[in-house]
Amino acid sequence: MENQYKPEGELYLLFNLLRNPGPHTASFLMHLMPVGWDNERVISDVIDLTKEFGLKLSNFYFDPLLFETAYPESHERIAKAIKDKPGDKNVKLQKKFFDNKFDSRI
């Protein structure tokens, strides 16, 4: 039987998505993150939650320089993955954020 309950981290993300209807800025993604999560997981779960609950994120702007300054290790890891694994599903999502082509209807 499939687990029908959302993990605590996903509920935290959903709560933050619902209480911040927009516009969404670069810092929005950083404030969404549950403690101990990495940026790759947040991006993937944000996409999943927007699909599952029909949420729309509007006016989202991702500032790579702000992200690189705040999270240099994550920025380096994601940038390397974008270069090395362009066909990977999660990498494609991360690239959309980096290229400011994110759309919650992905």
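Me: In which helix is aspartate 45 found?

Reply: This is a predicted model, in which local features need pLDDT of at least 70 and side-chain atom pairs count only at pLDDT 80 or more, while totals for chains, interfaces and linings use all residues. Residues are numbered from 1 along each chain as its sequence is written, and side-chain values use heavy atoms, with hydrogens and water left out. With helices taken as DSSP runs (H or I, at least four residues) numbered from the N terminus, aspartate 45 belongs to residues 39-53, that is, to helix α3.

Me: Is aspartate 45 buried or exposed?

Reply: Leaving aside neighbours within four places in sequence, aspartate 45 is in contact with Glu10, Leu13 and Trp37 (contact means heavy atoms within 4.5 Å). Its relative accessible area is 10%, and since under 20% counts as buried, over 50% as exposed and the range in between as partly exposed (1.4 Å probe, protein chains only), aspartate 45 is buried.

Me: At what angle do α5 and α6 pack?

Reply: His75, Ile78, Ala79, Ala81 and Ile82 in α5 meet Val91, Gln94, Lys95 and Phe98 in α6. The axes of α5 (residues 72-84) and α6 (residues 89-98) are 9 Å apart, and the helices pack at an angle of about 115 degrees.

Key: Axes fitted to C-alpha atoms, helices over the stretch in contact; angles between N-to-C directions. Helix = DSSP H or I, 4+ residues; strand = E, 2+ residues; numbered from the N terminus.
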